[in-house]
2 protein chains.
Amino acid sequence: MKCKKIILKQMYNGFPKKSDFEIVDEDVAEDLQNGEFLYESLAISVDPYIRAYAGAAYKPGDTVIGTALVRVTKSKNEQFQKGKLLVLHCGWRNGGKAKESDVLFVRDDMPASVPESAGLGLYGIAGLTAWVGWILVCKIKEGETIFISGAAGAVGNVAAQIGKIKGCTVVGSCGTDEKVKFCKNIGYDAVFNYKKESESLDAAIKRVAPKGIDCYFDNVGGSFSSTILRHMNAGGRVGVCGSISAYNETTPVLAPIVQFPIVTSELMLKGFLLRSYVSNYKEAYEDLKKWTIEGKMKCHEKVTKGFENVPDAFIDMLRGGNVGKAVVRL
Amino acid sequence: MKCKKIILKQMYNGFPKKSDFEIVDEDVAEDLQNGEFLYESLAISVDPYIRAYAGAAYKPGDTVIGTALVRVTKSKNEQFQKGKLLVLHCGWRNGGKAKESDVLFVRDDMPASVPESAGLGLYGIAGLTAWVGWILVCKIKEGETIFISGAAGAVGNVAAQIGKIKGCTVVGSCGTDEKVKFCKNIGYDAVFNYKKESESLDAAIKRVAPKGIDCYFDNVGGSFSSTILRHMNAGGRVGVCGSISAYNETTPVLAPIVQFPIVTSELMLKGFLLRSYVSNYKEAYEDLKKWTIEGKMKCHEKVTKGFENVPDAFIDMLRGGNVGKAVVRL
């Protein structure tokens with residue numbers, strides 16, 4: 001079977017460039033061991049963690065990591081027969097060979113009303129991350145004010161919807177006026193464009209969270225988060241999910257120190273990686289399905305088309321070009 | 001009754017100076033309401049939090065805050081009769097009038113073997129802080145490697161002894177060779193002088209904690225803590241107790257951002273203020289007493305003499321001049 005994959009050609013030097021990637025042909029032998037299957041990719045997910053894990057989870061010469069929505073084309077696996085739609089940890093490939101341990105999710109487990117590619121966003125890593133961050137890490141409570149940085153992003157938009165379902169006042173920040181508009185449409189109580197208010201960030205935070213912030217979903221880190229911490233209420237909780245503000249920097253990034261607000265407001269910060277919560281996925285999916293069926297949870301995507309455009313979509317997402325989950329349909 | 005108190009004359013501009021303080025005479029009326037008592041101070045405690053709370057808990061013109069070991073001289077309080085030794089939240093005074101709610105601790109509740117001033121250190125705010133940080137916040141476990149910054153200080157020396165009692169490998173950092181020697185004497189497994197190893201902090205940390213750090217008692221904050229976080233094991237816990245590195249700075253202090261290690265090692269950072277744990281003091285005192293009586297816990301003090309020297313002792317402590325708890329005997 002003739003397939004294509006996208007490899008990291010050279011290690012990123014700061015912000016990824018299109019020339020850091022290369023599309024490579026691959027011959028995949030079609031003979032299958034028991035449990036294996038062949039697949040074609042229908043959509044590929046581009047996520048911030050792919051930038052963060054460069055040099056560790058994949059190195060120059062390796063296929064770029066990530067998840068994809070795929071259709072099984074030939075199978076020696078009873079569970080995953082021909083035609084089955086799956087979300088796979090397969091990296092940036094338009095097809096290939098896989099086995100059960102590569103499977104993140106089966107399309108049949110999602111409500112029929114959501115697009116198949118929701119398995120890459122709302123029902124994928126982004127949605128699970130939002131659920132774990134609020135439900136297990138921060139333990140948000142009705143009536144609390146919760147703040148989401150990267151408000152319009154893949155994780156942020158799901159986190160906001162969960163917050164409203166749980167009865168919280170949901171506020172946040174994002175980087176364009178288009179995103180501010182999107183956020184208001186999906187239920188945020190208040191949002192600001194941090195790029196327009198960088199000189200008066202304290203005032204902007206006070207405006208959207210006049211009673212202070214109880215929980216903070218930290219997708220960005222750095223100086224912005226140092227400021228947010230100073231606006232948190234006593235006993236506040238922070239789910240630290242990423243630090244996208246620093247992923248593309250080549251020198252150590254400095255920010256105002258965080259210990260003073262952590263002590264004086266007795267804050268709890270907890271970093272989390274989704275892979276530590278595999279045993280909770282079932283509960284998360286049950287919530288997400290229930291909320292989807294009740295009409296309280298919507299899938300928001302920014303779709304790019306064409307396998308060759310995966311690197312561009314990835315770079316655009318890192319620049320903040322996406323509203324909702326960035327996916328590439330093949 | 002003629003008393004003296006030390007007031008904050010002017011707000012500190014960065015590092016406290018002797019001229020920021022003034023000794024003021026005070027006439028204390030000797031008539032007592034029910035529940036009140038008069039006292040003379042025997043020893044005064046100087047602690048980092050006194051610097052941190054300036055401008056909030058006390059302002060120019062106010063008596064400087066703090067605890068003192070006092071003897072009751074006249075009483076209309078059944079519980080605290082004449083001659084009773086108490087630790088009071090009374091600020092920097094050589095005597096005055098107080099009531100039950102000012103009492104932190106009664107000397108009779110300490111083992112006879114410890115000096116009376118232990119009520120300001122091992123059995124005072126410092127000892128309670130060490131106990132809360134390890135037992136309730138970090139929940140240290142046998143076999144873990146635990147790191148203490150400010151290793152030889154008032155909190156640090158008690159934290160180290162608790163760590164050894166709990167079966168941990170106890171390591172840390174301090175700022176003089178004299179302190180390194182003291183630390184080794186009180187049971188640290190390994191300690192380094194961070195002022196001598198500032199160019200190779202990563203190497204020094206790896207040397208004292210080759211298996212990584214499971215728990216970190218953070219007394220200093222800032223850039224040093226950013227480095228420690230990068231050496232923590234997955235699931236590590238940090239009790240954030242203070243940020244003495246920044247208390248005397250007049251401009252915002254920057255440090256390498258902390259979010260990246262927090263996420264990748266799934267760290268938990270928890271700030272804590274002792275006043276939130278009042279209901280746990282009894283349990284803490286029971287542990288401290290038991291350990292003292294068993295000979296496993298010792299009281300370490302640096303004693304200065306004379307009420308007029310309280311400001312100097314405070315400044316010296318902030319400069320790191322103390323080994324063990326800094327107290328001033330009157």
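Colleague: This is a predicted model. What makes one say that the copies meet through the same surface?

Modeller: Of the interface residues of chain A, 100% are also interface residues in chain B, so the copies meet through the same surface.

Colleague: How many residues are in contact between the chains, and what counts as a contact?

Modeller: Contact requires C-beta atoms, placed from the backbone, within 7 Å. By that criterion, 30 residues of chain A are in contact with 30 residues of chain B. On the side of chain A that touches chain B, helix 6 (222-229), strand 13 (254-256), helix 7 (259-264) and strand 14 (268-271) of chain A each give two or more residues. This side has 18 nonpolar, 9 polar and 3 charged residues.

Colleague: Why is strand 13 of chain A said to pair with strand 13 of chain B?

Modeller: Pairing needs at least two bridges between the strands. Here there are 3 bridges, in the antiparallel sense, so strand 13 of chain A and strand 13 (residues 254-256) of chain B pair. In this arrangement, A:Pro256 stands opposite B:Leu254.

Colleague: Which domains does the assignment give for chain A?

Modeller: The domain assignment gives domain 1 (2-121 + 300-329) and domain 2 (125-275) of chain A. Their C-alpha centres lie 28 Å apart.

Terms used: Residues are numbered from 1 along each chain as its sequence is written. Chains are lettered from A and ligands numbered from 1 in the order in which they are written. This is a predicted model: local features need pLDDT of at least 70, side-chain atom pairs count only at pLDDT 80 or more; totals for chains, interfaces and linings use all residues. Two residues are in contact if their C-beta atoms, placed from the backbone, lie within 7 Å. Helices (H or I, at least four residues) and strands (E, at least two) are DSSP runs, numbered from the N terminus. Ala, Val, Leu, Ile, Met, Phe, Trp, Tyr, Cys and Pro count as nonpolar, Asp, Glu, Lys and Arg as charged, and the others, Gly among them, as polar. Domain bounds come from an automatic or database domain assignment.
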